[in-house]
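Thanks, everyone. Let me put the model on the screen, and then I'll walk you through it.

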Amino acid sequence: MKELKLKEIEIAMQNNAWHFGNEVLYKMCRENFEHKNNQHILAKVLFIGRIYAAAIERRKTKSNDINDNFYIDTVAPTFQNSDIDKYLNKLKNIQSLESKNLELVLETHYYLTKVIHKITDQNKRSLVSKYLHFHLPELFFIYDTRAVEALRNYKTKVPATLKYLTELENIDIEYAKFFCKCYELKKEIQQNFNITFSNRHLDNLLIENANFKNSEKRKIILTSH
């Protein structure tokens, strides 16, 4: 288990090179929170998916639809006709993660994963986590393979007090495991360093660790030749 150091916490809390771009996405989702306008839906799904390497058009399908048609004829109506706004509006006024709201957060992720699976025939847990994060940044942790790998340096198991969440029916178990470990790690950082540490800060911490590890691997490969 890797020991957390103040220096890496401080770095994670700084605005990095991607800060401005992320703020654009946060603003777009904050000002166009619901899913009633097709243009707003298209922009949010397209921008978040493409920028965060989780595009929704990467799918298993027998359809010959070009991507433009898929977005206009399938993606937008699917979001518009779904109940995602009902879920989001239940969470909208929640300021932070607490034991009493964790289940609803995970159910919301699961619900949108099911909605998107119907039109892609794929489990898009990463896209869904990113999409929901930009709508409610303090409630959803960003899931991707780099973050999952880096998280293992700090948390190898789901905390016993949160294990019940991974056993619920209406959740995506892989995201739930990741979510629980992130939740516990974030809580420990805030308590141990007496700071306010956001979900974005945690993502910065994990990605910085993943990038450093990959950089070290490349150095070893280069020096071995």
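Ground rules. This is a predicted model, so to speak: local features need pLDDT of at least 70, side-chain atom pairs count only at pLDDT 80 or more, and totals for chains, interfaces and linings use all residues. Residues are numbered from 1 along each chain as its sequence is written, and side-chain values use heavy atoms, with hydrogens and water left out.

Start with helix α3, residues 38–51. Helices here are DSSP runs of H or I, at least four residues, numbered from the N terminus. α3 has 14 residues and reaches 20 Å from first C-alpha to last, close to the 20 Å expected at 1.5 Å a residue. That expected span is 1.5 Å times one less than the number of residues.

Which residues of α3 are buried? Ile 41, Lys 44, Val 45, Ile 48 and Gly 49. Buried means under 20% relative accessible area, exposed over 50%, partly exposed in between, with a 1.4 Å probe and protein chains only. Down the axis of α3, the buried residues fall within an arc of 105°, so they line one face. The arc is taken over directions from the helix axis to the C-beta atoms. In general, an α-helix has 3.6 residues a turn, so residues three or four places apart point the same way.

That buried set packs against α2 (19–31), α4 (67–80) and α7 (125–135). Contact means heavy atoms within 4.5 Å. The face turned away carries exposed Gln 39 and Ile 51.

Now the ends. Asn 37 caps the N-terminal end of α3, with a side-chain oxygen 2.8 Å from the backbone nitrogen of Gln 39. After α3 comes Ala 53, with a positive phi near 55°.

Next, the core. The largest nonpolar core has 65 residues. Such a core is a set of buried Ala, Val, Leu, Ile, Met, Phe, Trp, Tyr and Cys residues joined through side-chain atoms within 4.5 Å. Helix α9, residues 173–193, gives the most, with 9 residues.

His 133 sits in helix α7. His 133 is buried, at 1% relative accessible area. Beyond four places in sequence, its contacts include Tyr 26 and Arg 200.

Last, cysteines. The structure holds 0 disulfides, meaning pairs of cysteine sulfur atoms within 2.5 Å. For Cys 29, the nearest cysteine sulfur, that of Cys 182, is 20 Å away. The sulfur of Cys 180 is 9.4 Å from that of Cys 182, too far for a bond.

Note on methods:
Helix = DSSP H or I, 4+ residues; strand = E, 2+ residues; numbered from the N terminus. Polar contact = N/O pair within 3.5 Å; in protein donor to acceptor, adjacent residues only side chain to side chain.
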